[in-house]
There are 2 protein chains.
Amino acid sequence: MSGLDQTDLAILRILAADATRSAAEIGRSVGIGQSAAWRRIRKLRESGILGGRRVVVDNAALGFGVTVFLGVRLAAKGRTSLDEFERAVTAIPEVQTVQHVLGQFDYRLRIIARDISDFERILRRRIMTLPGVGQVEANVMLSEERLPGPLGTLG
Amino acid sequence: MSGLDQTDLAILRILAADATRSAAEIGRSVGIGQSAAWRRIRKLRESGILGGRRVVVDNAALGFGVTVFLGVRLAAKGRTSLDEFERAVTAIPEVQTVQHVLGQFDYRLRIIARDISDFERILRRRIMTLPGVGQVEANVMLSEERLPGPLGTLG
DNA sequence: GTTGAAAATCCGGTCAT
DNA sequence: ATGACCGGATTTTCAAC
């Protein structure tokens with residue numbers, strides 16, 4: 001199905017850590033030529049395994065020092081409730097991620113605020129007034145560490 | 001403090017969406033030349049606002065179709081408990097993100113599994129056996145939407 | 001499947017305004 | 001601060017193996 005060999009996985013591992021590496025450099029690292037490495041990378045992009053490149057923006061440096069995760073349980077959850085909630089929540093500027101989940105909550109939100117009192121304003125004025133919101137649970141982020149994930153040990 | 005003008009914010013917005021855009025192209029989009037755009041981008045990097053570039057890897061295409069968020073509450077939380085837990089949890093290959101948080105839970109984990117039964121194995125064999133684990137809450141992700149966040153409306 | 005090379009593009013820096 | 005220019009590196013294509 002996937003048709004990925006060890007070389008492809010090695011390339012993915014390198015690019016996942018640092019997308020600025022050149023095709024020539026990657027080729028040297030995995031033992032193939034620059035042209036071959038570039039063609040493999042293009043194929044990974046075309047097959048959808050490799051998506052777009054994103055820069056990491058330091059929100060704290062922009063004045064947004066507080067990140068809060070919010071579990072939201074809807075009071076009623078028909079189809080229109082989900083659609084309405086999603087449409088309203090994606091319109092809030094401070095909401096960075098909306099995850100539809102299964103379990104104790106229906107949605108998990110990643111929210112960026114300038115400080116705690118700014119977060120309180122967002123919570124009271126924007127979140128609690130959303131259509132159909134029931135139980136809400138907040139967790140303030142202290143630190144975050146991203147790991148290579150399964151890619152690091154695949155193959 | 002930050003000293004960012006509208007042009008800098010526009011550049012950040014463009015790069016946050018797609019890091020492959022060239023300095024010349026970005027310059028055209030925001031109404032300045034290639035050299036000026038490149039200088040601003042370098043300054044944003046040097047000031048730490050702009051971090052490294054990362055590629056987006058489609059985990060489902062690699063055979064990991066299930067993403068689960070796990071809230072973990074530690075039984076005892078002295079300094080050694082936190083250190084021990086973090087060291088053990090970062091060694092689990094399927095753990096993609098470790099967030100130290102404040103609130104009902106102490107840690108939030110993003111876990112990637114091949115399927116639900118694979119996740120059950122990870123939960124029972126790897127997570128529940130971690131040192132000091134108390135209450136655990138799981139949410140299976142159905143869909144995820146990333147938004148521009150505060151950057152989209154800043155300025 | 002691979003390599004090597006040529007053309008187009010981009011980066012990074014210098015200079016003058 | 002800005003735009004113009006330039007050498008070197010990189011990307012991308014293409015011919016050949």
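Author: The conventions come first, and the questions follow. This is a predicted model, in which local features need pLDDT of at least 70 and side-chain atom pairs count only at pLDDT 80 or more, while totals for chains, interfaces and linings use all residues. Residues are numbered from 1 along each chain as its sequence is written, chains are lettered from A and ligands numbered from 1 in the order written, and side-chain values use heavy atoms, without hydrogens and water.

Reader: Why is A:F85 called buried?

Author: Buried means under 20% relative accessible area, exposed over 50%, and partly exposed in between (1.4 Å probe, protein chains only). A:F85 has 0% relative accessibility and therefore counts as buried. A:Y107, also at 0%, counts as buried too.

Reader: What makes A:F85 and A:Y107 an aromatic pair, and of which kind?

Author: Rings of Phe, Tyr and Trp (its six-membered ring) pair if their centres lie within 6.5 Å; planes under 30 degrees apart count as stacked, over 60 as edge-to-face and the rest as tilted. The centres of A:F85 and A:Y107 are 4.7 Å apart and the planes 35° apart, a tilted pair. A:F85 lies in helix α4 (residues 79–89) of chain A and A:Y107 in strand β4 (residues 107–113) of chain A, so the pair ties together parts 22 residues apart in sequence.

Reader: How do you know that the charged end of B:R108 sits over the ring of A:F69?

Author: The rule requires NZ of Lys or CZ of Arg within 6 Å of the ring centre and within 35 degrees of the ring normal. The charged end of B:R108 is 5.1 Å from the centre of the A:F69 ring and is listed as sitting over it.

Technical notes: Helices (H or I, at least four residues) and strands (E, at least two) are DSSP runs, numbered from the N terminus.
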